[in-house]
Structures are given as structure tokens and as C-alpha cells.
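Here is a short report on one protein chain. Please keep the sequence and the model open while reading.

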Amino acid sequence: MRAVYQVAEAVDADLPGNRTVRIQRDAARVNELAESGFDGLAYKVFENDLCREAWPILRGMLREGRLPRIALKWCQERGLPFWVHPDDMALLRSSPVARDEILVDVLMRALKSFRRKALVEGGWNPDYKGGRGASCLTTYFVGQCIWEFRRVYTTWAKNRQRWAELHALYDGAEETARENPRLFGRLLAAGSVSETEAAVLSTNFADILAEQPAVTRAVISLTIEGYNDTDIADELNITHAAVRMRKTRFRKALYDAARERRIWIPEQLHTKASTRRRTQRGAA
């Protein structure tokens, strides 16, 4: 139960006002949102408010190492296999970019499970009498984010390992790339996604991605994980056109960075992009 109290304490310390007042306000808002089935514009506004309140709390808990420790404890209590590498723990405590990168995915997953568990299924109870009593919706949501951390971290850590392996093999060495045509053949065969994947070969990729808006970072992260445009649009609740636009803008950012010598992109990709542009202009 101590872990649950730590979540409530973190939220209470960060949010202004009395907890009882927040719970009463939340109960009234849930009743209003229930009339529209927890959907529509009003619910989107509610989600935005919820994320805005939870974001600094979650960042602080990551920076202090509390969030991973609570996630580890909860998994241990439920017999779920989970482990956070000490190097990753240190990175999340020291790097704002790493914290933001992982929290985008945590929030996206938690919003879905929170809606179902807390609201649709009635898991949040403003009249709860056990333990410290009832919690506000933000506390429940932060707890849901911590629960989703296990899955998000596992994917994030695997991607970091894959990127590290690629960096070790292709750290800016164009000669090495020419000596390993199989890998580039696989990347190039993947279509537009390959440009993002191939850019992973540069150690500056994460820095350029970190400069992008949160939604763009989420789109690119899901793309690298292998999701198609339809899955990404459904996951982030945006249109297919928005997904394509985010990819296009990020691709442009990569090529701009390449011209500024901030990142190396294989020559094959430059050639492919130029050919596609010429074809499009000819078709027009």
C-alpha cells in the first residue's frame, strides 16, 4: 500500500487546493461527461486538462526515480517479470529528452486504459473509504501511467539497444555502409519508413527527434516500432493525413539537418528522395 500512498502524496504535493474539493469537482465533471458516453469534444478537453496536470508530476517522479521503483514494486507484488536496467534508470533521471520521449507513449497508453477502467467501468470511486480514502482523478491517472510504464519501457529499452547496435556498426562511416548492402537493402525496401530507420544510424537522430513537437515524436516512435499509418492514427486519435504530414515534416527536418552536417543520411536515400521529387514534378 505504501506505493499507492506515494502516488497520492506526489499528486497532493503538486496540485493546488484541498484534495476533498478536487474529488468533489471531479465527481461533478464525471457525471457531466457520462451523459455523452465519455466521448466528444468535452471529453477531449478533459483529457487535455488531465495530461496537463499529470505531465509535470510524472516528469518529477521519473527524475527522482520514484516512478520506475513504484512500477517495479507493483509488478513484483503481482508476479509480473519486470526489470529496469541501471543505465536506463540513470538516463531517465538525468535526461529531460529521455523522460519526455518515454512519457509521450506512457500518456497515450494510459489515456485509453484510464477511460475504460476509471470511467466506463466505474473503477474510480469518489466515495471510497479504504486506506487514505478516495483519490482525485489525477491521482488515479498518474497511477495508471505508472502501470503502463512496464510495457512502454520494455519497448523503449529494446529500441535503444537496437539503435546502439546500429550505431556501433555504422557510426557515420559511409564506407562501412557500402560494405553492408544487406542492411541498407532491407531499410530501403521498407518504403518511406526506411528514411526514418536509416537515420537511426546517426548518433544525432535522437537530438533531432527531440526538437519536434510531442505528436511528431509519438508518430515517429510508433513508426520505428513497426506500426502502419492506420494503427498510428488510431493509437494517437488523429487522422491519416495528420500522420503523413508529421512524417513528411520530420523527413524534411532530417534532410535539413543533413545539409547542416548535423546528421549523416546514406547516399542511397538522398538519391531515392531526389528521384521521387523529379517524378512528382514530371507527373504534375
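The report below covers confidence, overall fold, core, helix packing and a few backbone details.

**Confidence**

This is a predicted model. The protein chain averages a pLDDT of 78, and 76% of the residues score at least 70.

**Overall fold**

The protein chain has 15 helices and zero strands. Of its 284 residues, 43% count as buried. Take the contacts between residues at least 6 apart in sequence: 72% of them join residues at least 24 apart.

**The core**

The largest nonpolar core holds 50 residues. Which of them touch the most other members? They are Ile102, Phe114, Leu119, Phe141, Val142, Ile146 and Phe149. Helices α1 (2-14), α2 (19-34), α3 (41-64), α4 (66-77), α5 (86-94), α6 (96-120) and α7 each supply at least two residues of this core. In soluble globular proteins, nonpolar side chains tend to be buried together.

Ile146 shows some of the links. Leaving aside neighbours within four places in sequence, Ile146 is in contact with Val7, Met61, Leu67, Ile70, Ala71 and Trp74.

Thr139 sits in helix α7, residues 137-170. Is Thr139 buried or exposed? Its relative accessible area is 7%, under the 20% cut-off, so Thr139 counts as buried. Beyond residues up to four places away in sequence, Thr139 touches Val7, Ala8 and Val11.

The table sets out the axis geometry.

| Helix pair | Axis separation | Angle |
|---|---|---|
| α3 and α4 | within 5 Å | roughly 85° |
| α13 and α14 | 9 Å | about 105° |

The α3 and α4 axes cross at roughly 85°, which makes α3 roughly perpendicular to α4. On the α3 side, the contact uses Leu58, Met61, Leu62 and Glu64. On the α4 side, it uses Arg66, Leu67, Pro68, Arg69 and Ile70. By class, the contact residues are six nonpolar, no polar and three charged.

Helix α13 covers residues 229-236, and helix α14 covers residues 240-259. At about 105°, α13 is likewise roughly perpendicular to α14. Here Asp229, Thr230, Ile232 and Ala233 of α13 meet His240, Val243, Arg244 and Lys247 of α14. The contact residues divide into three nonpolar, two polar and three charged.

**A mostly covered helix**

Helix α12 spans residues 214-224, and nine of its 11 residues are buried. The buried residues are Thr216, Arg217, Ala218, Val219, Ile220, Ser221, Leu222, Thr223 and Ile224. Arg217 is one of them. Just after α12, Gly226 takes a positive phi of about 105°.

**Positive phi without glycine**

Phe38 is not a glycine, yet its phi is positive, about 55°. Phe38 lies in the loop between α2 and α3. Its relative accessibility is 9%, so Phe38 counts as buried.

Asn237 is not a glycine either, and its phi is about 60°. Where is Asn237? It lies in the loop between α13 and α14. At 48% relative accessibility, Asn237 counts as partly exposed.

Definitions and conventions: Residues numbered from 1 in each chain as written. Predicted model: local features only at pLDDT ≥ 70, side-chain atom pairs only at ≥ 80, totals over all residues. Heavy atoms only, no water. pLDDT = per-residue confidence, 0-100. Helix = DSSP H or I, 4+ residues; strand = E, 2+ residues; numbered from the N terminus. Buried < 20%, exposed > 50% of the residue type's maximum accessible area, 1.4 Å probe, protein only. Contact = heavy atoms within 4.5 Å. Axes fitted to C-alpha atoms, helices over the stretch in contact; angles between N-to-C directions. Parallel < 35°, antiparallel > 145°, perpendicular 65-115°, else oblique. Nonpolar A, V, L, I, M, F, W, Y, C, P; charged D, E, K, R; others polar. Core = buried A, V, L, I, M, F, W, Y, C linked by side-chain atoms within 4.5 Å.
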